[in-house]
Amino acid sequence: MRISMEWLQDWLQIDETPRELGHRLTMAGLELDAIEAAAPVFHGVRVGRVISVEPHPDADRLRVCQVEAGEAEPLNIVCGAPNVYTGMVAPVAVVGAELPGEFRIKRSKLRGVASEGMLCSAREIGLAEDAEGLLDLPADLEVGSDLRTALGLDDHVLEVDLTPNRADCLGMRGIARECSALLDRPLQVRPAPAVEATLDRRVRVTVDDAQACPIYSGRILEGLDARAPTPLWMSERLRRAGVRPLSAIVDVTNYVMLELGQPLHAFDAERAGEVIRVRRGGEGESLTLLGGEQTVELSQRDLVIAGETQPLALAGIMGGAASAVDDDTTRVVLECAHFAPRALAGRAREHGLHTDASHRFERGVDPTLVPRAMERATELLLAICGGACGPVETVGDIPSTHDERPITLRAGRIERLLGVALDDGEVERILRALDCVVEPGGDGTWRVLAPRARFDLEREEDLIEELARVHGYDRLPRTLPGAVPPVTPPGGLKALREGLTRRGFHEVISFSFIDREVSQRFYPEVEPLALANPIASDMSVMRPGLWPGLVSTAAWNTARQQYDLRLFEHGLRFVPGASGLSQEPRLAGLLSGRAMPEHWETASRELDFFDAKGEVETLCGNLAEPLRFRAEKHPALHDGQSARVLAGEQPIGWVGKLHPSLAERFDLGAPVFLFDLDARTVSTDPVAQFRPLSAYPSIRRDLALVVQENVPAGDLLAAIGELELELLRDVRLFDVYQGKGLNPGEKSLALGLILQAFDRTLDDSDVTAVTDAVVAHLESRFNATLRH
């Protein structure tokens, strides 16, 4: 938003310099981007009046003018502008003046005729990029006065970056209200009296979608002179606001939008007709937009303003070329409406558009501005273009919004959040200055109704933020909060992520959108959710898992010679089902490259399946249920090097080596290992249980058991746990052997049994009883035998 200091003075007194005001706005959350001068530097340019115009004796295109410029005698000036005329008031640069670009005015002769200055166009004094003739100034300016002073060109423009929730400041009225609250100065409220209708001509309005367009107003104006020049004060304000003046009718609608924040539009009534219908677009319909350079195809998602036979405009976005006003327009339909933000969200972007109107409506416009803006625009049009107007036809009413629900504000809550107690009078002053309705409730409370323009004020914390902004963030105390002991033991997902980081992993954040072909390669059993409006062809579906993002990141790094990778991501996967879209939090990781950095003292080795399995075991170390791995096939993992991860009997994820075809698809030369876990399960932090230490020594007994090679060691360990032997404290697998001394298809698993009692030192009978029970149970379950 570009704010003219001179325009702002119409609403309230500003004593601050542009930099001081910009700092105050920044401290209130309206960040200042730049301060610009309203006009480039020039001097010696005055307001002049052309007394006479005579042809140049030796040049057909030149005129010899006598110009009154505050001197004792009129100046003789040779001018080539085609629009110069007797009585014209125009800028005149006298001898010694300096124009933008360090262009100095000197006495000269043009084709033998002396010239004592120069009559100037808007371009020559830096007020326009181009010009067809002299700048025609208002006739009531004082002749001989300094032009900069007469036109207020010593003004400054503040460019402020507004956050999306501050759509109320997308008009000078909203900015003025904000400054009134910040500076504690009264706002000059300007009434908008109704313009009396002198024509009995009515526009017929119907609205098919009242939720998308709760209120729509239109009126007919006749007898307009579309060629009437836009007043200089208006075109100057438009220019300083960054809007190029076009024609009087268009300029008025733009001016009212910048003044109040409410977009308007004027249709040529001869082309548009006098019937207006707000409806949804029809399939196969199209609309050529203003300028005639772009035609958009309409659909049911588009809200349009239509005539009897065809669409006239994209509602709240842009008008159509077929009903545009031009220099021959004498009769218009002036429309002003409120469109719901959700009805227009994304519609301009889908058609490759972004307009001042769509920018405002998508963020939310004060619905109470509709009648005010209609009357203000009518007043200006009749004053500038002449003519007469008919009555306003309005369909619908101002919609109900959140401001009808009172918000309770507590003084204690203010002090708790801000760290400072604000006086009751200050609280009420700030809120009322922001257009809130404030009712003291006693006992340090208030009932507050938010203004219609502030869609972002919904709860007590929002009001406290407003108090902090206006009071000044820089005036709040800088104190550290007191230490509060945690109510829960440290752990959970945050601890898991920090643990992964300490073990050399880097967290990545990837898009939730992936390519359909990639999704099918990783998760062929899942039909992914397709996006209606993807931002790119390779981001057309929602991801059924996190592995595609991790593998793509690994490929990007590998292509840049970064081979030793440890990556993880926490995020949602999206799986459509019979009951709707399931959004499940997952924790996934990727390992590739060397297990340890290259070093002269240790041999280098590549990461393998068991490194990935070890990371999973570390992540799942706090599970209440025993962790198990079961060999299973996964489409994205290498056969024989993939396993399902279980907590007890509940599947919670996968671990394994990336399938060779996918490694080739992503051009990954080194082996890549992946894991994927249910984040809700692994982040569960069970309450710690106290376990006493035994005062008696432990005993270790080693067993070598021969089983078939397809029997997982984890199944043996789980089976031993099922016995729930009181003296057995731990079981450790410390060796796996196949080869000489064993039959083909057999393997030997060496287990270390750790035994200990709390009430005595164990003897041989205790150890024998435990080992016999273990051997017997494994023999019955897996046909295991002791190796001799």
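Biologist: How many cavities of 30 Å³ or more does a search of the whole structure find?

Modeller: The search finds three. This is a predicted model, in which local features need pLDDT of at least 70 and side-chain atom pairs count only at pLDDT 80 or more, while totals for chains, interfaces and linings use all residues. Residues are numbered from 1 along each chain as its sequence is written, and side-chain values use heavy atoms, leaving out hydrogens and water.

Biologist: What volume does the largest cavity have, and which residues lie closest to its centre?

Modeller: Its volume is about 120 Å³. A cavity is a set of points, on a 1 Å grid over the protein atoms alone, where a 1.4 Å probe fits but cannot get out; lining residues have an atom within 4 Å of a point. Of the 15 residues lining the largest cavity, Ala167, Asp168, Leu260, Asp366 and Leu369 are closest to the centre. Helix H4 (residues 172-183) gives the largest share of this lining, three residues.

Biologist: Which residues line the second largest cavity?

Modeller: The lining consists of Ala554, Thr558, Tyr563, Leu565, Ser592, Leu668, Gly669, Ala670 and Val672. The volume of the second largest cavity is about 50 Å³.

Biologist: Why is the pair of Trp233 and Tyr255 called edge-to-face?

Modeller: Rings of Phe, Tyr and Trp (its six-membered ring) pair if their centres lie within 6.5 Å, and planes over 60 degrees apart count as edge-to-face, under 30 as stacked and the rest as tilted. The centres of Trp233 and Tyr255 are 5.4 Å apart and their planes stand at 85°, so the pair is edge-to-face. By this rule the count comes to eight aromatic pairs. Trp7, Trp233 and Tyr255 form one aromatic cluster.

Biologist: What parts does the pair tie together?

Modeller: Trp233 lies in helix H5 (residues 232-240) and Tyr255 in helix H6 (residues 248-260), so the pair links parts 22 residues apart in sequence.

Biologist: Why does Tyr255 count as buried?

Modeller: Buried means under 20% relative accessible area, exposed over 50% and partly exposed in between (1.4 Å probe, protein chains only). Tyr255 has 1%, so the residue is buried. Trp233, at 42% relative accessibility, counts as partly exposed.

Biologist: How do you know that Arg148 lies over the face of Phe42?

Modeller: A charge sits over a ring if NZ of Lys or CZ of Arg is within 6 Å of the ring centre and within 35 degrees of the ring normal. Arg148 is placed over the face of Phe42, at 4.7 Å from the ring centre. The charged end of Arg665 is 4.9 Å from the centre of the Phe666 ring and sits over that ring.

Notes: On a 1 Å grid over the protein atoms alone, a cavity is a set of points where a 1.4 Å probe fits but cannot get out, and a pocket is an open set with protein on both sides within 12 Å along at least five of seven lines; lining residues have an atom within 4 Å of a point. Grid points are joined across faces, edges and corners, and a volume is the space filled by probe spheres set on the points. Helices (H or I, at least four residues) and strands (E, at least two) are DSSP runs, numbered from the N terminus.
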